[in-house]
Amino acid sequence: MLRTNHFGIRTGLIKLLLGGMILFPGLELASVGLAENNRVPVQQNTKPVVDFTQQIQPLLAKHCYSCHGPDVQEGGLRLDQSELAFKQLESEATAVVPQHPEKSEIIRRLISKDESEQMPPEGDRLKQEQIDLIKNWIKQGAEWKKHWAFLPLQQKTPPIPKQTQWVKNPIDAFILAKLESKGLSPAPRANRGALIRRAYFNLTGLPPTPEEVDHFINDRSPDAYEKLVDRLLASPRYGERWARHWLDLVRYADTNSFERDGIKPNAWRFRDYVISSFNQDKPYSQFIKEQLAGDELDQVTNETIIATGYYRLGLWDDEPADPLLSYYNELDDILSTTSQVFLGLTLNCARCHEHKIDPIPHEDYYRFLAFFHGMNSYGIRSDQLSYNQTDITSPEVSAMHARIDAQKNNAKKKMHQMEQMAIKKMSGVDQRRSETRQRDKLLKEKLKQYLEPDQYKVYQALQHEMHQQEAQRKKAPPRKMALSVRRSLKEPRETFVLLRGNPNVRGEKVQPGFPEIFGKTEALIPATRKEQQTSGRRRVLAEWIADGDNLLTSRVIVNRIWQHHFGRGIVQSPNNFGQLGVPPTHPELLDWLALEFVKSGQKFKSFHKLIMMSNTYQMSAKFSDQAAAIDPANDLFWRFHMRRLSAEEVRDSLLAVNGRLNLKMYGPGIYPQISKEVLQGQSRPGEGWLNSSEEERARRSIYVFVKRSLITPLLFNFDFADTDSSCAVRFVTTQPAQALGMINGSFVNLQAEYLADRIIEEVDKKHALFVERAIRLAYGRKPLKGEVDTGVRFIEKLIKKHSLKEKQALNYFCLTILNRNEFVYLD
């Protein structure tokens, strides 16, 4: 083991890491990241057009809506709706007069020195540049534009850039045209070594082997890269990688959170369903319908039942102080997740009042909530299974269990009759005792005394029969249960607007409906049929969301796919396409992609290939001072964005390079070993954290049991997803716990030893060959000039100067290899 008492050696190793040969993960990139985040404003020669939705409305919302918004309209002025902002006020003045800021009352009040007139009356006054912005907007005509995301998809013809030879598909045309408009050029193509690692991690979350890298580099056929992409998309590893992105969105975890953080039985079936769906290349429209209404479809299968586990993944309090409020909090979690994940809308902001920014009335929230009002809570303290577990056992196995149950119940009934016959002969004290928890003990002590010998033999035979039936049950295949929606109401509860979100203060009654920003708000719910077990409301919602003509569904999902290929979305707030979200950098490209996705049947794999075959995707991450001065955040995609591996990719890569990765798929979650000190951090230390075998612990990270109060430390350190709510973008941090865990953590030290064992088995202990193979396994490339010599000197120094045994020195070298930036960063 590397966890030794050689303190001086470990100190020297840390100095070496800091000295330049090897760096802690992300350390040398910290300054680059900071530089990229400090955006340099571009000088404009002409006054730019003021964007109402991005520049003016946020100002009005922050400073004016509290007195002149949806809830209060002092002086008759309402500034959240265009038709009211231009009306004459009670004072006969007009707040906004297009093209005439000098006649607009809003400007007069903003610049007034009279405290009785100045606006806003309380809090900070607007800065001069903010007032100038409003003036310019009015001077330019005070256009009250509808937000881009609330307009129908626009069919755009790809532009024709100057460098047409660079364009491999329409994606390149959109990207290049915008680069050229800013005087920029795309970065050169990535070398083949970088490209294959990018593709492997992007599609499978695993590194390529040295042999796979060599094969690709040496394959000079024109379709070599395309064949690589096709092979990776066909790999079962693809579903495991891309399922994790979806699980982030739907706040997947195996437990309920809160103090006890109890287990969600069979949650893992939903995780497996998502993996399988991606590997099947299931159309997104079908994927939506199965999760939102899998129990209401024409063809209900075990798979669609499992898909409804989507509704049961959120937090659940088994002992709420206010049960009614807790139930509405559950519904709010479902509504928030559904609206953000599928539509990119923060409908939850309208729970207590009108949405402050987006045109989403208070009533819209409750109309949307009405779709879910037929579902019961996840459970109650005394019954945590009836509403979230569905029996999906096959008919054959069900029949077998039913036969065993019938035989066992028959024997039990006969035994009970004989017991009662004997009890009637007992004393009054014993008869009363038989009605308490002492019954079994009483029968064991005295039953034989009060039955005839032949009767007692029959009783014993029945007992034997019961034992046999139980033995048969143990041999039979077990029943299968799924986390799901169960016992949903055929006649849903009535839904009312809750004033200020208070479930005890009801307002107007509402029916299921869609947000008014979509135009049509009415939801036509078909009359329930006699054989129907649920209301069918969720199916209506699912079909509306999955419809290719929906304003937002396809925009939102193609933006997510783009995000996971390029490190950021075209819209960088993927769960919020509303007016407080980040506007798209390439709106025409976004709409083109969305329409292309629908046209291709909403299939993921062909869409991945479309992106990956573009020159935009195949660019290198080469830095350019000129481009960075104009576009420091790389919003225009002038180069490929360097990225750090995700938490799962770091862990899986450690197991992959040392040859121990267990590729077994599916099944209940696994439990990595966690130190006692970490387990003590729970309210009930160690409770619910089981032991897995070493072989099982070497499985991929997607199969790790996700306990909300106890995230596996390595995954936590490398920014595992927040499981309390929908996680659209993971933080990417560079912090000490990462470096400390990688160099001192028992898991990484153990994997370094296994890596050394593998290399010794493959090339023996010859130091030069050992160093070369370690570099090849860890990074996929051949060693650089002098790199082998440096590694050999390091190993020999550990042996000679620090008196380490050869195997210990080799272990330490492998640890340094796994701690280089190159191991956890792409490009």
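**Architecture of the predicted chain**

Among contacts in the chain (heavy atoms within 4.5 Å) between residues at least 6 apart in sequence, 71% join residues at least 24 apart. The structure is a predicted model, in which local features need pLDDT of at least 70 and side-chain atom pairs count only at pLDDT 80 or more, whereas totals for chains, interfaces and linings use all residues. Residues are numbered from 1 along each chain as its sequence is written, and side-chain values use heavy atoms, with hydrogens and water left out.

The mean pLDDT, the predictor's confidence in each residue on a scale from 0 to 100, is 91 for the chain, and 94% of its residues reach 70 or more. Over residues 1-8 the pLDDT is below 50, and this stretch has 19 contacts in the model beyond near neighbours in sequence. Residues 18-45 also have a pLDDT below 50, with 50 contacts in the model beyond near neighbours in sequence. Where pLDDT is low, the predicted coordinates should not be read in detail.

The C-alpha trace spans about 110 × 85 × 50 Å along its principal axes. The chain contains 36 helices and 6 strands; helices (H or I, at least four residues) and strands (E, at least two) are DSSP runs, numbered from the N terminus. Of the 827 residues in the chain, 54% are buried, where buried means under 20% relative accessible area, exposed over 50%, and partly exposed in between (1.4 Å probe, protein chains only). The chain is divided into domain 1 (164-237 + 582-630), domain 2 (393-479) and domain 3 (744-826), with bounds that come from an automatic or database domain assignment. The C-alpha centres of domain 2 and domain 3 lie 65 Å apart.

A nonpolar core is a set of buried Ala, Val, Leu, Ile, Met, Phe, Trp, Tyr and Cys residues joined through side-chain atoms within 4.5 Å. The largest such core has 166 residues, and those with the most contacts inside it are Trp246, Phe342 and Trp562. At least three residues of this core come from each of domain 1 and domain 3. A second, separate core of 25 residues includes Leu59, Leu60, Cys64 and Ile106. With neighbours within four places in sequence left aside, Trp246 is in contact with Val274, Phe278, Tyr284, Phe287, Gln291, Val341, Phe342 and Ile557.

Helix α12 (residues 236-249) is mostly covered, with 13 of its 14 residues buried. At the start of α12, a side-chain oxygen of Ser235 reaches to within 3.0 Å of the backbone nitrogen of Arg237. Arg251, which follows α12, has a positive phi near 50°. In the loop between α12 and α13 (268-280) lies Ser257, a residue other than glycine whose phi is positive, near 75°.

Tyr456, Tyr459, Leu462, Met466 and Gln469 are the buried residues of α21. An α-helix has 3.6 residues a turn, so residues three or four places apart point the same way. The cover over the buried residues of α21 includes α18 (395-423).

Several loop residues were also examined. Arg820 lies between α35 (806-818) and α36 (821-824) and counts as buried, at 10% relative accessibility. The side chains of Arg820 and Glu787 are joined by a polar contact of 2.6 Å; a polar contact is a pair of N or O atoms within 3.5 Å, and within protein one must be able to donate a hydrogen and the other to accept it, while residues adjacent in sequence count only if both atoms are side-chain atoms. Asn662, in the loop between α27 (647-657) and α28 (676-679), is likewise buried, at 15% relative accessibility. A polar atom of the Asn662 side chain lies 3.0 Å from the backbone nitrogen of Lys664.

Gln140, in the loop between α7 (128-139) and α8 (170-181), is partly exposed, with a relative accessible area of 37%. The loop between α6 (105-111) and α7 holds Pro120, and the peptide bond from Met119 to Pro120 is cis, with omega near -5°.
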